[in-house]
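This report concerns ring contacts, charges over rings, and helix packing in one protein model.

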Amino acid sequence: MATTEKAVPLTQLSAWKALTSHYGQIKDVQLRTLFADDSGRGERLAVDALGIYLDYSKNRITDETLKLLFKLADESDLRGRIDAMFRGEKINITENRAVLHVALRAPKDATILVDGKNVVPEVHEVLDRMSAFADRVRSGAWLGHTSKRIKNVVNIGIGGSDLGPVMAYEALRHYSQRDMVFRFVSNVDGTDFAEATIDLDPEETLFIISSKTFTTLETMTNAHTAREWSLKKLGDEKAIAKHFVAVSTNAAEVSKFGIDTANMFGFWDWVGGRYSMDSAIGLSTMIAVGPENFRKLLAGFHEMDEHFRTAPFEKNLPVLMGLLSVWYNDFFDAQTVAVLPYDQYLKRFPAYLQQLTMESNGKHVTLSGDHVDYETGPIFWGEPGTNGQHSFYQLIHQGTKLIPCDFIGFGKTLNPLGDHHDLLMANVFAQGEALAFGKTAEQVKAEGTPNWLVPHRVFEGNRPSNTILIEILTPEVLGKLVALYEHSVFTQGAIWQIDSFDQWGVELGKVLAKNIITELEGKIVGKHDSSTSTLIDEYKKLRG
């Protein structure tokens, strides 16, 4: 197993100490003051790269803050960490693995080595096989067991094998093949499968089973239910090969299930689940939008990869966003980040980011195994567009918690209807402005508000936000957006000296659940605390 050289503890770095002192000087400075003292702040604190305009001027920072954050990045060897990842070094030290989701979107002529072997040709071999299969399904050349065309595709997976595909499908639905139905099943709750298939015909339905090991409990439970559901009508075991394909590396289990291994699409242990939507895990996405659009998605990812790898930190979109997240998380004690996309197609984007960010950086020990004495991963959450304004924005504006926000807006809509889009975007700009500058008691009084009501109508402001503006949502743009947050997460993890690429925290609950299942089946009686034992007994009574 790999080991890591013990780094200087984060809180002992000179830049961290300087930031701690600087925070004491700036923590009460108002954004109103910062803008009043610098008429060009809005233009100056912005980066325009790869068709993405990032306005970060409404953050509680000064030039000195940025200088110290960049110094912190240097002292944390962020550049060295980036280079190590792109070189294929095994930076996931607890699993002794390389971290090369960037190889999934590298062009054919690239060279990315893992243990001395260029992995790019294998990546493109799988992509080519995916493309050929997707074309056959989309064109109707692939027929089901009864010679009917496939009209429905159901992706069965969980975690990264679900969140990426469902987010990408919803985000790119405008580009999808509209005479086909796409559904996604992840929850082991039988309701998820039942509702996903209630109006589908097994003769016209293709299941994609996404599980690297083909042993994931939730996924395989749903897969076997899908098998039974299909055979109930199709009857013949041979039908499975026409209605099921696998995204896996376990050929023996795939074959045992009844899937033709010629229709098994593999990936590699250097691809973490939450970084896998552009691997074979994205097969449902490719079938939905077509191979050409899927490759445009990959091209967008690659553009952001290269930007992250080469751009100076002062103009580097993921680095800026990552460092700002560290600034609020560790100095302002901001516990959460709200991601607020003003495009209905991105309605699942915040949910996707929850796994990407919190599974990556929800860690309590450093790379060398020492317990951290600072905050790591914040909680990510959000909803699309104006929906959130009539829900949780009240707390962001006037609550007691500091919640940095990322607003994402587009210059053009894919569905122009009257003045809808101008109204939508007016809200983007208004919300950022209101959060930053608020409304003073004097302004409220000037409106003729009774004195007793004034405190209730005051907006303190000084609530930070980023605003991301892009021309229009395309496959390339989605790739850039996802990679932007991937590399922002990497930046934060490098600063915090943690392993952003393992996820041991999901294991314990899985192990305990397997033990409890045997109890529920009456095979053993386990030993638990009094609460868990009582709950199991109560469940058995309710179950009857």
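The text below describes selected side-chain and helix contacts.

The model is predicted, so local features require pLDDT of at least 70 and side-chain atom pairs count only at pLDDT 80 or more, whereas totals for chains, interfaces and linings use all residues. Residues are numbered from 1 along each chain as its sequence is written, and side-chain values use heavy atoms, with hydrogens and water left out.

**Aromatic pairs**

The structure holds 26 aromatic pairs. Rings of Phe, Tyr and Trp (its six-membered ring) pair if their centres lie within 6.5 Å; planes under 30 degrees apart are stacked, over 60 edge-to-face, and the rest tilted. Two of the pairs are tabulated here.

| Pair | Centre distance | Plane angle and class |
|---|---|---|
| Trp-16 and Tyr-374 | 5.9 Å | 50°, tilted |
| Tyr-23 and Phe-332 | 4.9 Å | 85°, edge-to-face |

Trp-16 belongs to helix α1 (residues 14–26) and Tyr-374 to the loop between α15 (349–361) and β11 (379–381), so this pair ties together parts 358 residues apart in sequence. Helices (H or I, at least four residues) and strands (E, at least two) are DSSP runs, numbered from the N terminus. Both Trp-16 and Tyr-374 are buried, a term for under 20% relative accessible area, with exposed meaning over 50% and partly exposed in between (1.4 Å probe, protein chains only).

Tyr-23 also lies in helix α1, while Phe-332 is in the loop between α14 (317–330) and β10 (336–341); the pair therefore ties together parts 309 residues apart in sequence. Phe-332 counts as buried because its relative accessibility is 11%. Ring pairs link Trp-16, Tyr-23, Trp-327, Tyr-328, Phe-331, Phe-332 and Tyr-374 into a cluster.

**Charges over rings**

A charge sits over a ring if NZ of Lys or CZ of Arg is within 6 Å of the ring centre and within 35 degrees of the ring normal. The charged end of Arg-41 sits over the ring of Phe-35, 5.4 Å from its centre. Arg-227 lies over the face of Phe-257, at 5.5 Å from the ring centre.

**Packing of α4 and α14**

The axes of helix α4 (residues 63–75) and α14 come within 10 Å and cross at roughly 105°. Axes are lines fitted to C-alpha atoms, for helices over the stretch in contact, and angles run from 0 to 180 degrees between N-to-C directions. This makes α4 roughly perpendicular to α14, the class for angles of 65 to 115 degrees. Contact (heavy atoms within 4.5 Å) involves Thr-65, Leu-66, Leu-69, Phe-70 and Ala-73 of α4 with Leu-320, Leu-323 and Trp-327 of α14.

Terms used. Angles under 35 degrees count as roughly parallel, over 145 as roughly antiparallel, 65 to 115 as roughly perpendicular and the rest as oblique.
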